[in-house]
Amino acid sequence: MPQTVPFVDYLVLGERPHLVARECTACGARFFDRRNACASCFGTSFTQVDVSTEGEVRAFTIVAHAAPGVPVPFVSATVDCAGTSVRANLINVAPTPEAVRLGMKVRLALTPVGVDQAGTEAISFGFEPRP
Amino acid sequence: MASDDVWILGISMTRFGKHPDADLIDLAAEATMNAIADAGITMREIGVLAAGNLRGGGGIGQALQKQVGQTGIPVYNVANACATGATAIRVVHMALRAGEADFGLAVGVEKLAGAGLLAGGERAGDSAAWAPQGRFGAVGPLDGRIGTETMPGVFAQIGMEYGHRYGGTSFELFARISEKNHAHSTLNPLASYQRRFTLDEIMNDVMISYPNTRPMCSANCDGAAAAVLVTGAALKTLAPEQRRRAVKISASVLTTDPWEEACQVLPNVNTLTRNAARRAYDTAGVDPEDLDLVELHDCFATAELVHYDNLMLCPEGGAVDFFNSGATWRDGSTPVNVSGGLESKGHPISATGIANIWEVATHLRGEAGDRQIPGARVGLAHVIGLGSACGVHILERAA
């Protein structure tokens, strides 16, 4: 079993993969990046919270032209996970306007990115249609 | 002509398109010298210069001075993404309002022909060992793996989000917005494209990022624009012809994003535009229905739709019905982007926020030739720089 690492630090792997956010303890604003202060209330105290693994597609596009090195086509979306918006690719769905719909119910799913020279595999996340 | 008003005394834009034989300085100098001549003054009178350029080497203001007139005045080199031109105008406007100068010059220039997608260049390769880097602790580049970072993709989602919220959007609807702007530009001799595209041509062109095909994206091109601003007090001392052609800046507003849920996930171009518009209407004492023409930031067809709503040209949620009514065609009740907009006139980034003001000002002066909106008295120019910055200017013709 090769060693694995999450592609981003807000993805938690393991038996129950999920995303985590930094939540401002004063106002509840959530962020995925390293914080200096809260952009909403300027507070400096944060706690880590789990983000719902189920959500709804609020916006999407099917990217047909991207920077060299980025495989196309793929679906980029904004997913509303119980009030927390997440940027992600939609995966395990055909990248066509017929297959992807606004308001579609989706859930978090893992996807391999690749293996580095030391044999470590990076695992990223996307969202797939919910049955 | 109140003393603390600020007016446009002279304004100019170069032809937008390919200028293989002109460099940044040539283009900036052409726009500047034409704006100065249009104003009827010389570089000697200019007391402050704000200059914008994103993709050159920096210091465009001083480089321009060295070609058209070094008088020792302060130069502010500004950068605010696609709102850079509007920011240059705003900086000069503030300097004049503050009493720092009587005349000021704002310039924006870009060389962008053949620049490709505005995708932020090539995605970096993966490193030999996965190691967390950056503010997301990512072990590799995010673009294409955690959503898209291309402008066509981001703005496609912004249009789709509007459809999710209010309904009524479709690929064809967005394509018809592009059809309008390409039709408008056939009357604009300074536009990059001056050919009418059929709806079929637009929908069957190369798909860039659904639902935006290539002609639904802003046209990368070269160009420059420049404006000479003057205080109301100084304008009173000038010749009757200069006063007659001067255009009043009734509102000059620049905003950024107030924090909202999701605004750091998918750029929110709506709230800061709405805030800028509201402040501009209040300052100018103008209502949206008073506008004779609007130049808004149609960097993509999907963006134009949401800005009908953000600029309050229609009731909230009513942008689709508003467009379908024909209101935004040049013979409609609120002509939008009669220049052809960014999709057809073109989008040399730093020039755009001044070129939009040139378009409105030219109609208010009654000098827009074949595409003149008859009797235009008041107009609005809007730009968005992703990140974000929003500039809104309301202009009125001299009484």
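# Chain B in a predicted model

Colleague: Which name does UniProt list for residues 6-113 of chain B?

Modeller: Residues are numbered from 1 along each chain as its sequence is written, and chains are lettered from A and ligands numbered from 1 in the order in which they are written. UniProt positions are given in this numbering, with feature names shortened, and annotations may be inferred rather than shown by experiment. In an unreviewed entry, UniProt lists residues 6-113 of chain B as "domain: Thiolase N-terminal".

Colleague: How far apart are the C-alpha centres of domain 1 and domain 2 of chain B?

Modeller: The domain assignment, whose bounds come from an automatic or database source, gives domain 1 (6-115 + 221-248) and domain 2 (151-198 + 250-397) of chain B. The C-alpha centres of these two domains of chain B are separated by 23 Å.

Colleague: Which element gives the largest share of the side of domain 1 of chain B that touches domain 2 of chain B?

Modeller: The contact (C-beta atoms, placed from the backbone, within 7 Å) takes 37 residues from domain 1 of chain B and 35 residues from domain 2 of chain B. Elements that each supply at least two residues on the domain 1 side include strand 1 (6-13), helix 3 (84-97) and strand 4 (103-110) of chain B. The largest share, eight residues, comes from helix 3 of chain B.

Colleague: Is B:Ser192 buried or exposed?

Modeller: B:Ser192 is in the loop between helix 5 (171-184) and helix 6 (199-204) of chain B. A residue is buried if 20 or more other C-beta atoms, placed from the backbone, lie within 10 Å of its own, exposed if 12 or fewer, and partly exposed in between. Because 25 other C-beta atoms lie within 10 Å, B:Ser192 is buried.

Colleague: How far apart in space are B:Ser192 and B:Asp222, C-alpha to C-alpha?

Modeller: B:Ser192 touches residues that include B:Phe16, B:Cys221 and B:Ser344. B:Ser192 and B:Asp222 are 30 residues apart in sequence, and their C-alpha distance is 9.0 Å.

Colleague: Which residue of strand 5 of chain B is the bridge partner of A:Val63?

Modeller: The contact between the chains takes 43 residues from chain B and 46 residues from chain A. Strand 5 (207-210) of chain B gives two or more residues to the side that touches chain A. Strand 6 (residues 54-63) of chain A and strand 5 of chain B pair in the antiparallel sense over two bridges, where pairing needs at least two DSSP bridges. In strand 5 of chain B, A:Val63 has as its bridge partner B:Ser209.

Methods
Predicted model: local features only at pLDDT ≥ 70, side-chain atom pairs only at ≥ 80, totals over all residues. Contact = placed C-beta atoms within 7 Å. Helix = DSSP H or I, 4+ residues; strand = E, 2+ residues; numbered from the N terminus. Lists of a residue's contacts leave out its neighbours within four places in sequence.
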